[in-house]
Amino acid sequence: MSISSESATGFEPQTARPDKLSPTRPFYWSVRRELWEYRAIYIAPMVVAGLVLLGFVIRIMHFPQMVRTAVALPPMEQTLYFSAPYGIASVAIAVTGLIVAFFYCLGALYNERRDRSILFWKSLPISNVTTVLSKAFIPFVALPVVIFAVALVMQLVMLILGSAVLAANGVSPAVLWGHWPILKMSLVLLYALAVMTLWYAPIYGWLLLVSSWARSMAILWAVLPPLGLCIAERIAADTSFFASLLDYRLSGYLSEAFHYSKGTNPVADPLALLTPARFLSTPGLWAGLVVAAAFLAGAIWLRRNREPI
Amino acid sequence: MACIEARGLRKAYGNSIALDGVDLKVEEGRILGLIGPNGAGKSTFLNATLGLVPYEGDLKVLGRNPWAERDQLMRDVCFIADVAVLPRWMRVHQALDYVAGVHPRFDRAKAEAFLARTQIKKNSKVRELSKGMVTQLHLALVMAIDAKLLVLDEPTLGLDLLYRKQFYDTLLNDYFDRSRTIIVTTHQVEEVQQILTDMVFINHGRIVLDCSMEDFEARYRELTPRPECLAEARALKPIHERQAIARNVMLFDRADRDKLASLGEVRTPSIADLFVAVMTENPGQTQGAIA
């Protein structure tokens, strides 16, 4: 090329360098960038897990007596007795994940416009598609994985701590391990996280769309229009079609993906609660995913066209 | 191939017209100063060049359509926008990692060598750096990218004199060579006068002056006439006259140099003086040479 006289300043090796990076590299670095900026993605679940563990440590002070009481219970209640704290903790961490996802999505495409750093990001050869998808990757993939990993590690720490206290008091830890269905509960958690993520996809998509569009107070734009629509419909037509649609979107996955029937015992066999086939054949799931894709496409278009605030 | 070629470039925001038919050709290897008052359309022109805003008309940057091909174009184009836009949460080493990760033409060693000459610590966050240091960091990142076009939109705004001087010195000595093109907009016109090869004045979305520095030096003369020659000097039709301390200063376009010299003291004007002259002679609806 025209830079022939520049070898002394170190330009020559660059002409030999491949001009193209692998297409996954910009995506990989875009995701890392999100994790740098929004450290709450992994810190918040870890903090909640830490608090849970703190509570658990206080609880196991009385562990030996509790175990002695528990072994007198029928086997089913024993399992419930031992694994209940873990179940509650998992729900707490999963809810933390939802809250983090909510605020992350609202800020992801809004903050970069507000602090004008979008001008820096756009000065680099990364497409808007890559950027928006890397941001969507956080609530769709990264957060569920983080939640699952934190819950799993928390569970193992609880088991180890419990075993240590029992062993120190001359009780066999086998009682604890025998009544702590670690594998099954992890599978249930994994399933629940996958179901929730897929079901909430249009909500994440909506939040990202608002984030790429709002000029201020993204949270109000995200929440008030759906609420306003419910109220308007109620007043105009005295119906609540939209409200029930929203309600279904917020909690419908519980009835579609899980089923409790009288014959099964959820404590002995939590896997019997899961109905993946029915969930995957729910029209609401696929309709939601289509809407989510449309919202993401809108967010990509807006990122290209909107200017810094 | 011209680095930038614009024909009939237009851009309107609602009712206000930011660019009103701009024709401009920038050849490779030039350093162009884009000069105009606030709201003249400089930033809009640069944003169109960088594929940040859609526009009407014809625009090619390095042979590409910037709006349709921004992603590819950004491999060869760098820009520093008008205010510090580096994300404040980012650490210096993260910025290096990130640009190295996403830019195929980034030479990390070069950026680090430049940073080593500054006070910037690798573990600092951008928010902890002074404004001058943030600009140094941005310059370090940009200069380590082997780009063909560098766009600087008020790169030294709000910096003190030392940083401003160092900025342009570094740019000229360590970065610019005849294969690169630089476009710079700034209000500190005096500071860039020495480095420019071309200048364009823009006002109300139109180009009112487009000339190379050689042309500028050949065409324009500033005369401080002796008091008794005032009327005679005015008869030569200066394009602008201003009052300095106890004397008048006149600006001439294509005037006879010897004739002027007989009337008083003759100098090459500064760009700033020409700018003031051109802007006050063409207020409002300027119908520049390029119509």
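User: Why are α8(A) and α15(A) called oblique to each other?

Analyst: In this predicted model, where local features need pLDDT of at least 70, side-chain atom pairs count only at pLDDT 80 or more, and totals for chains, interfaces and linings use all residues, helix α8 (residues 128–168) of chain A and helix α15 (residues 283–305) of chain A cross at roughly 130 degrees, with axes that come within 9 Å. Residues are numbered from 1 along each chain as its sequence is written, while chains are lettered from A and ligands numbered from 1 in the order in which they are written. Angles under 35 degrees count as roughly parallel, over 145 as roughly antiparallel, 65 to 115 as roughly perpendicular and the rest as oblique, and α8(A) and α15(A) are therefore oblique to each other. The contact, meaning C-beta atoms, placed from the backbone, within 7 Å, includes A:V132 and A:A136 of α8(A) and A:L296 and A:A299 of α15(A).

User: What makes α11(A) roughly parallel to α15(A)?

Analyst: Helix α11 (residues 201–213) of chain A and α15(A) pack at an angle of about 15 degrees, and their axes are 8 Å apart. By the cut-offs for angles, that makes α11(A) roughly parallel to α15(A). Among the residues that make the contact are A:L208 and A:W213 of α11(A), and A:F295 and A:L302 of α15(A).

User: Why does A:M217 count as exposed?

Analyst: A residue is buried if 20 or more other C-beta atoms lie within 10 Å of its own, exposed if 12 or fewer, and partly exposed in between, with C-beta atoms placed from the backbone. A:M217 has 10 C-beta neighbours inside 10 Å, and therefore counts as exposed. The place of A:M217 is in the loop between α11 and α12 (218–237) of chain A, and its phi is near 45 degrees, a positive value in a residue other than glycine.

User: Why is A:R116 called partly exposed?

Analyst: A:R116 has 18 other C-beta atoms within 10 Å, and so it is partly exposed. A:R116 lies in the loop between α6 (111–114) and α7 (118–121) of chain A, with a positive phi near 65 degrees in a residue other than glycine.

Note on methods. Axes fitted to C-alpha atoms, helices over the stretch in contact; angles between N-to-C directions. Helix = DSSP H or I, 4+ residues; strand = E, 2+ residues; numbered from the N terminus. Contact = placed C-beta atoms within 7 Å.
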